[in-house]
Amino acid sequence: MVSPPCGLLTHQKEPVPLKSISVTLTIREFVAGVSATLNYENEGKDPLEAFFVFPMDEDSAVHSFEAMVDGKKIVAELQEKSEARTNYENAISQGHQAFLLEEDDQAGDIFSCNVGNLPPGSKAALTLKYVQELPLEADGALRYVLPAILNPRYQLSGGSEGGGLQMKTPAVPSKDVPYTLSLAATVSSQHAIKSVQCSSPVNPIEYLDDKTSAQISLADGHKFDRDVELLVYYSEVHTPSVAVEMGAPATKPGSLMGDPSAMVSFYPNIPEAQSPTACGEFVFLMDRSESMHCPMNNQDPSQMRIQAAKETLIWLLKSLPIGCYFNIFGFGTFFESFFPESVKYTQDTMEQALKRVKSMDADLGGTEILEPLKAIYSRTSIPGHPLQLFVFTDGEVNDTFSVIREVKSNGQRHRCFSFGIGEGASTSLIKGIARASGGAAEFITGNERMQSKALRALKGSLQPVVEDVSLSWDLPVGLSAKMLSPEPTVIFRGQRLIVYAQLTGTMPPAEATGKVCLKYTLQGKQFENQVAFSLQPKSDANLTIHRLAAKSFIQTKDMGFEETPANDKKEVLKISMECGVISSHTAFIAINKDLNKPVQGPLTRSDVPSPMLFSTEDYDLAGMSCKSALMADASVSKLWKCGGGPGIFRRLVGSFRSKKRQPLKDEYDASVEMSREGSSIDMTDLETNHTDDPLVQLISLQKADGSWDLNEGLAVVLGVSLGDMQAALPVKSVDSSGWATVLAVIWLHDKYKDMKCEWELLERKAVAWIHSHAGSATDGLVKAAVGFLKSSVDPAVFAP
């Protein structure tokens with residue numbers, strides 16, 4: 001198990017060589033180009049080798065790396081990774097200055113930067129450039145995130161040793177990050193920019209050219225202690241488009257970089273089914289590792305992640321349709337399921353599950369996600385109920401590609417909807433498992449509510465399956481399109497689809513046009529979205545579309561440095577080297593060969609710390625080492641008082657076990673029991689209580705079939721007396737639950753209209769139940785309820 005070092009570098013007196021990070025960001029339409037410069041200075045007396053590990057969105061296509069050392073520019077070249085590592089080590093041993101940039105062997109969203117042989121008093125500025133497409137949020141915002149937090153990665157049991165870059169660098173609490181960040185962004189679009197929002201303090205935003213461009217910069221002195229998130233709102237974002245980019249000059253035709261590339265963006269107008277399907281096996285896999293005791297964000301107050309997860313599970317359970325099947329798994333160092341097999345969704349099984357959800361805690365240790373996935377996939381499929389897997393995690397695993405490979409091998413029999421909770425969630429893991437199964441990925445950061453994104457995914461999973469998806473091209477004679485992205489097989493309502501293609505053959509005259517058509521079948525009806533586009537390629541010095549196309553191709557083949565099949569590795573290497581886009585099999589290396597003489601003196605290594613949201617220092621062990629803390633009775637109660645619960649205790653125990661050994665459940669139980677004996681604090685005192693939220697209370701009272709009972713609990717939520725509710729029942733012959741259910745639905749519309757996305761499925765069940773049980777009395781109940789609650793809700797919301 002990999003844990004953050006105990007106190008390492010947090011209060012160290014030695015200067016940290018990384019002084020600042022400066023970022024220049026350019027957003028055009030829904031593509032971002034980023035140039036990030038790491039500024040180093042050797043303030044010591046000996047030559048320096050600095051090592052820095054940092055996160056990056058896994059969709060980023062890194063295509064350039066260069067160093068500026070004391071005024072001299074050194075451009076790196078992309079080499080096969082093993083060769084680059086050997087060349088770097090040889091250069092360092094010979095006293096040459098060398099720089100190495102590489103992607104983690106086992107995760108596509110972690111990069112390391114090595115600075116070798118930096119003389120005393122010398123400065124170096126290392127610049128890397130990358131491009132990425134920006135995801136589209138449900139409200140139409142394009143989202144760019146510059147990750148700062150690098151959570152510790154958990155070593156999977158039986159996983160390969162080494163290769164994890166993050167193991168070689170220390171971590172500090174985000175408040176102690178020793179370097180600063182500056183960021184300047186330019187946003188431009190052919191459509192007007194409605195607004196730009198940022199999660200961090202910014203200088204006044206300047207809008208130019210009739211709001212078709214904007215300039216944003218972070219406020220001075222910004223500490224890189226949290227992710228920087230930009231949300232860009234355009235006036236038009238759902239319009240389908242095709243952009244054609246000219247190939248690289250002096251590159252032979254027939255190659256990816258030599259031919260024009262096309263980026264196709266569709267936003268299919270898929271109609272919503274009025275009655276969601278009631279079939280499906282819904283399995284919820286919930287992270288219960290100790291880090292789920294962390295807050296959702298750095299703001300005060302902030303809800304604990306485990307509490308937000310529990311509330312989300314309640315929402316999901318209440319929103320499931322009668323007749324489906326479900327189960328809930330919790331995982332940490334080991335895993336457990338609520339039921340031996342998925343059970344049919346009834347009032348009884350829902351109540352059993354809710355009882356266990358309410359007592360659930362972040363108490364299962366580390367992040368062993370691979371074993372519960374295998375257990376879920378090993379279960380026999382339920383005929384007529386396709387598996388829909390919902391994964392919630394804030395944690396990281398060292399060997400991300402192993403998890404993605406497991407999901408991909410079962411991709412034909414299920415869809416995976418993945419949710420990254422809080423800053424530092426692995427984009428490689430979350431996006432990778434969703435992509436491997438034709439599902440969808442979401443990230444919950446800042447003040448975002450987990451419930452809204454989870455319910456939107458559930459709503460999509462309940463929609464009928466889109467079938468017979470195909471993409472066809474209508475191009476002039478002599479020109480053809482070669483797909484570089486996987487053919488689309490799954491489309492969700494409200495989701496944007498982006499694919500890349502290489503245009504091969506003879507390009508027609510400038511005035512020529514082409515067409516591309518997306519076709520699909522939904523509930524026996526055929527639909528198509530077609531867009532015409534100009535075949536006049538535009539030039540781009542950064543070859544943005546070509547780089548993104550190469551990244552899209554690499555993602556489908558690259559399964560990590562050690563695990564990619566030989567044939568796929570050959571293709572990945574070819575595209576990576578040809579396009580200059582880094583992969584797990586390649587690395588950028590730059591060697592300063594113009595030094596008059598080798599750098600002299602003993603080489604000092606400095607590992608630059610990465611920010612993280614928590615560390616063992618946060619638990620105030622009064623200066624004791626981790627090992628001493630485990631041996632001292634007094635330390636146990638300190639661990640509990642600081643909110644770590646049994647999870648942090650389990651993590652410290654695991655720190656001194658061999659990575660290769662699978663921790664045993666009885667050992668964990670013993671450690672928890674030992675910690676309880678060492679503390680007089682009740683576990684329930686450690687959890688933030690959010691059950692006073694009226695919306696949570698109302699949802700918890702709803703029954704599996706969608707109805708509410710007329711009782712004291714409902715009266716408290718609605719703010720009326722039970723006697724008054726009973727006396728106002730307009731039709732005495734009608735079941736009182738019908739009256740209660742109408743009142744609950746009207747109250748939802750009155751009090752939480754702006755959160756309808758979270759309770760829409762609950763309302764649908766409720767309205768369907770009302771019509772099936774109240775029948776012709778429905779209109780009378782609704783009219784009376786509107787008057788009783790003094791509401792202005794339109795009775796049309798109860799239309800069948």
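## Cavities

A search of the whole structure, which is a predicted model, finds seven cavities of 30 Å³ or more, a cavity being a set of points on a 1 Å grid over the protein atoms alone where a 1.4 Å probe fits but cannot get out. About 190 Å³ of space lies in the largest cavity, with volume taken as the space filled by probe spheres set on the points, which are joined across faces, edges and corners.

By class, the lining of the largest cavity has 16 nonpolar, no polar and no charged residues, where Ala, Val, Leu, Ile, Met, Phe, Trp, Tyr, Cys and Pro count as nonpolar, Asp, Glu, Lys and Arg as charged, and the others, Gly among them, as polar.

## The second largest pocket

The second largest pocket has a volume of about 1,200 Å³, a pocket being an open set with protein on both sides within 12 Å along at least five of seven lines. It is lined by 43 residues, of which Arg-28, Glu-29, Ala-243, Met-263 and Ile-545 are the closest to its centre. The elements that each supply at least two lining residues include β1 (18-28), β2 (31-41), β9 (123-133) and α8 (544-557), and the lining divides into 17 nonpolar, 18 polar and eight charged residues.

## Helix packing

Helices (H or I, at least four residues) and strands (E, at least two) are DSSP runs, numbered from the N terminus. The axes of α17 (residues 736-751) and α18 (residues 756-774) come within 10 Å and cross at roughly 155°, so the two are roughly antiparallel to each other (an angle over 145 degrees). Their contact, meaning heavy atoms within 4.5 Å, involves residues including Val-745 and Leu-748 of α17 and Trp-759 and Trp-769 of α18, and by class it has seven nonpolar, four polar and two charged residues.

The axes of α14 (residues 694-701) and α17 come within 12 Å and also cross at roughly 155°, which makes α14 roughly antiparallel to α17. Pro-694, Leu-695 and Leu-698 of α14 meet Ala-744, Trp-747 and Leu-748 of α17, a contact of six nonpolar, no polar and no charged residues.

## Basis

Residues are numbered from 1 along each chain as its sequence is written, and side-chain values use heavy atoms, with hydrogens and water left out. In this predicted model, local features need pLDDT of at least 70 and side-chain atom pairs count only at pLDDT 80 or more, whereas totals for chains, interfaces and linings use all residues.

Note on methods
Axes fitted to C-alpha atoms, helices over the stretch in contact; angles between N-to-C directions. Parallel < 35°, antiparallel > 145°, perpendicular 65-115°, else oblique. 1 Å grid on protein atoms, 1.4 Å probe; cavity = no way out; pocket = protein on both sides within 12 Å on 5 of 7 lines; lining within 4 Å.
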